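Biologist: I am new to this structure. Please walk me through it, one question at a time.

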Amino acid sequence: MANTFDVAKYITENLGELSAMKLQKLMYYSQAWSLVWEEEPLFTDDFEAWANGPVLPNLYARHRGMFKVDSSLFEDADSSKLSEDEQTNINKVLGFYGEKTAQWLSNLTHQEDPWILARDGLPAGAVSHEVIPRAAMHEYYSSL
């Protein structure tokens, strides 16, 4: 199984330089749709329901303080670990969400149950490290 950084490298290899926030959201949607289409996670790390939407803490630790990121941030990763099906699924996600802005993607996650329920009524901007359950992601996105 590929890891978070392998997937991040694949996305940045395909889209080029993008904002760190947009990468986080594309990672989220890649994981969500993998859970629906393959009934398997793309990677094992969990998203947390942060104020600006779902975030992978280990990915954030890598890009902390950076606004833009590209594939050079993931030199230690190997995007070839992704299967052909995984690449196809990520490409579908990038085809739909890839042209959207980071803010648009963040706003979208704020309207969707997995993030809303994980934040459990916290006020806007409040810090949270609550994990967004994969089961909630699968249930929500499979209903769309």
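Biologist: Which element holds T12?
Modeller: This is a predicted model, where local features need pLDDT of at least 70, side-chain atom pairs count only at pLDDT 80 or more, and totals for chains, interfaces and linings use all residues. Residues are numbered from 1 along each chain as its sequence is written, and side-chain values use heavy atoms, with hydrogens and water left out. Helices (H or I, at least four residues) and strands (E, at least two) are DSSP runs, numbered from the N terminus. T12 belongs to helix α1.

Biologist: Is T12 buried or exposed?
Modeller: Buried means under 20% relative accessible area, exposed over 50%, and partly exposed in between, with a 1.4 Å probe and protein chains only. The relative accessible area of T12 is 2%, so T12 is buried.

Biologist: Which residues is T12 in contact with, leaving aside its neighbours within four places in sequence?
Modeller: Contact means heavy atoms within 4.5 Å. With those neighbours set aside, the partners of T12 are L18, L23, V69, D70, S71 and F74.

Biologist: At what angle do the axes of α1 and α4 cross?
Modeller: Two packed helices are described by the angle between their axes and the distance between the axes. Axes are lines fitted to C-alpha atoms, for helices over the stretch in contact, and angles run from 0 to 180 degrees between N-to-C directions. The axes of α1 (residues 4-15) and α4 come within 11 Å, and the crossing is at roughly 55 degrees.

Biologist: How are α1 and α4 set to each other?
Modeller: Angles under 35 degrees count as roughly parallel, over 145 as roughly antiparallel, 65 to 115 as roughly perpendicular and the rest as oblique. By that rule, α1 and α4 are therefore oblique.

Biologist: How many nonpolar, polar and charged residues does the contact of α1 with α4 have?
Modeller: V7, Y10, I11, N14 and L15 of α1 meet Q87, I90, N91 and L94 of α4. Ala, Val, Leu, Ile, Met, Phe, Trp, Tyr, Cys and Pro count as nonpolar, Asp, Glu, Lys and Arg as charged, and the others, Gly among them, as polar. The contact of α1 with α4 has 6 nonpolar, 3 polar and no charged residues.

Biologist: How far apart are the axes of α2 and α5?
Modeller: α2 packs on helix α5 (residues 102-109) at an angle of about 45 degrees. The two are therefore oblique to each other. Their axes are 8 Å apart.

Biologist: How do the residues of the contact of α2 with α5 divide by class?
Modeller: M21, K22, K25, L26, Y28 and Y29 of α2 meet A102, Q103, L105, S106, L108 and T109 of α5. The classes are 7 nonpolar, 3 polar and 2 charged.

Biologist: Which residue forms a salt bridge with R134?
Modeller: A salt bridge is a side-chain nitrogen of Lys or Arg within 4 Å of a carboxyl oxygen of Asp or Glu. The count comes to 2 salt bridges. In the one with R134, the closest N and O atoms are 3.4 Å apart, and the partner is D46.

Biologist: How many residues apart are R134 and D46?
Modeller: R134 is in helix α7 (residues 134-142), and D46 is in the loop between α2 (20-37) and β2 (48-50). The pair links distant parts of the chain, and the separation is 88 residues.

Biologist: Which residue forms a salt bridge with D76?
Modeller: D76 is exposed, with a relative accessible area of 58%. Its closest N and O atoms to the partner are 2.7 Å apart, and that partner is R62.
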